[in-house]
Amino acid sequence: FRLAGRLEHFSKAAKALHTSQPAVSRAIGRLEEQLGVLLFERTGRSVRLTEHGRLLLARMEKAHRDLEDAQSAIMEMGRTKSRPIRIGFMRSLASRIIPQLVTTYRELFADAQFRFVSSITSPLVDLLEADELDLIFSSAQLDHPAIKWSKLYDQRFFAIGPRDSPLLHGGPLGVRELANQPLITFRKTHSMRSIIEGIFENAGATPNIVIEAEDSNGIPGFVAAGLGIAILAQDGEFPKDVALLPTNGPLHTRPVGMAWAGGRLIPETVKSFQEFTLRRGPQIVAEIVNV
């Protein structure tokens, strides 16, 4: 209810909560039945808080702040300086980038605690706006007046094939030549799919898609099995049973940066990690992706 009330949008709340819109609607309905009042006015797909809903949200926000204050006090009593640093990031950053940033930071501040959410950019932005996250790592500069963004590095996309692929022994491959190969890529609903399609479209080619995967975790396995090639972001080393196919540089690049809510009071531990990332992050990432 708290998130749906802030956003006044059941679908956005569902995305942020990684659940379905009907599930959010049913939960709100049960709460309204329990309280005996309507909390939202429903007009088609739009919802708006009623007077009862605004009252409940205000009380819940105060209760939530009180709980956070109590949590911080208890953590301080336990010699922990602050609550966990809440970080959201794209799934492609989960294998090397975020773990290395956190590991290097904890070499300086061993007591630092973290809480992580991995998702696509849109739900992460909603959670940042709702104060459910302190920092997010997104794939594009966010055009939002209440959010500040700072570039960390350029994410590069390369083609990969099986370790024994004959394509490894020829000259650099163009996109048109890659289009002749069976392609393993993402489902149409995945944000990376549009990037992959754009690479071929810009070259006037049509990809030969044979397998669609939910995310990047399973794609290298299909490639290693000899079922096709793939185009993925290189955010670290690829698995040993696949190899980079020769091309004239990256097939695509996009900026990746860190975002936070402007004008919001930032806890000292969050500020410390934020400043560390702005100062040392580009160097740490460069060592991982060899830029």
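User: Start with strand 6, residues 147-162. How many of the 16 residues of strand 6 are buried?

Analyst: Two terms first. Buried means under 20% relative accessible area, exposed over 50%, and partly exposed in between (1.4 Å probe, protein chains only). Helices (H or I, at least four residues) and strands (E, at least two) are DSSP runs, numbered from the N terminus. Here 12 of the 16 residues of strand 6 are buried, so the strand is largely enclosed by the rest of the structure. This is a predicted model: local features need pLDDT of at least 70, side-chain atom pairs count only at pLDDT 80 or more, and totals for chains, interfaces and linings use all residues. Residues are numbered from 1 along each chain as its sequence is written, and side-chain values use heavy atoms, with hydrogens and water left out.

User: Which strands are joined to strand 6 by bridges?

Analyst: Two strands pair if DSSP finds at least two bridges between them. Strand 11 (residues 252-261) is joined to strand 6 by 10 bridges, and the two run antiparallel. In that pairing, W149 stands opposite A259. Strand 9 (residues 230-233) is also antiparallel to strand 6, with four bridges. There, I160 has A230 as its bridge partner. Strand 10 (residues 242-244) has three bridges to strand 6, again antiparallel. G161 faces A243 in strand 10.

User: Now the cores. Which residues touch the most other members of the largest nonpolar core?

Analyst: In soluble globular proteins, nonpolar side chains tend to be buried together. A nonpolar core is a set of buried Ala, Val, Leu, Ile, Met, Phe, Trp, Tyr and Cys residues joined through side-chain atoms within 4.5 Å. The largest has 30 residues, and L178, F200, I219 and I231 touch the most other members. Elements that each supply at least two residues of this core include strand 6, helix 7 (175-179), helix 9 (219-224) and strand 9. Helix 8 gives the most, with five residues.

User: What is I231 in contact with, leaving aside its neighbours within four places in sequence?

Analyst: Contact means heavy atoms within 4.5 Å. With those neighbours set aside, the contacts of I231 include F157, F158, L183, F200 and L251. Apart from this core lies another, of 26 residues, among them I85, L152, V256 and F273.

User: On to charges. How many salt bridges does a search of the whole structure find?

Analyst: Side chains of opposite charge can pair when their charged atoms come close. A salt bridge is a side-chain nitrogen of Lys or Arg within 4 Å of a carboxyl oxygen of Asp or Glu. The search finds 14. In one of them, E61 pairs with R6, the closest N and O atoms being 2.6 Å apart. E61 lies in helix 4 (residues 51-77) and R6 in helix 1 (residues 2-7), so the pair ties together parts that are 55 residues apart in sequence. E61 is buried, at 12% relative accessible area. R6 is partly exposed, at 30%.

User: Which residues are linked with D131 in a network of salt bridges?

Analyst: The network links E68, R86, D131, D134 and R264. D131 and R264 meet at 3.2 Å, N to O.

User: Where is D126 found, and which side chain of opposite charge is nearest?

Analyst: D126 is in helix 6 (residues 121-129). Lys and Arg count as positive and Asp and Glu as negative; His and the chain ends are not counted. D126 is buried yet has no salt bridge; K12, the nearest side chain of opposite charge, is 5.6 Å away.
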